[in-house]
Amino acid sequence: MSKLRCYEKNYGKDGIINLVRISREEKRLQATGTENVELKEVSLREIRTEHYNQARSYIDRIQAHIPGITAKKTAAIRAQLRLV
């Protein structure tokens with residue numbers, strides 16, 4: 001607080017306003033950090049393909065395999081239900 005009072009005595013209220021404005025601009029630039037990033041053009045097809053591949057790998061991981069004996073039992077139960 002004392003530094004701020006000294007700054008006001010030396011530079012006036014306009015100096016404080018400029019100081020705040022400059023510090024806000026610096027914070028904004030630091031927050032984004034995108035000034036040196038190159039833009040890459042991506043088609044909608046590439047995005048959809050990537051999302052499909054990600055979803056496909058997830059679906060493959062959650063798939064369960066039914067052993068042969070269980071499959072035979074399931075088929076027998078379905079056959080009996082059809083007869084009723």
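Buried residues have under 20% relative accessible area, exposed ones over 50%, and partly exposed ones lie in between, judged with a 1.4 Å probe and protein chains only. This is a predicted model, where local features need pLDDT of at least 70, side-chain atom pairs count only at pLDDT 80 or more, and totals for chains, interfaces and linings use all residues. Numbering starts from 1 along each chain as its sequence is written, and side-chain values use heavy atoms, leaving out hydrogens and water.

Now to the overall layout. The protein has three helices and zero strands, running α-α-α from the N terminus on; helices here are DSSP runs of H or I with at least four residues, strands are E runs of at least two, and both are numbered from the N terminus.

As for confidence, pLDDT is the predictor's own score for each residue, from 0 to 100. The mean for the protein is 80, with 88% of residues at 70 or more. Helix H2 (residues 44–62) comes out highest at 86, while helix H3 (residues 68–83) is lowest, at a mean of 77.

Then there is valine 42, which sits in the loop between helix H1 (2–32) and H2. Its relative accessibility is 41%, so valine 42 counts as partly exposed.
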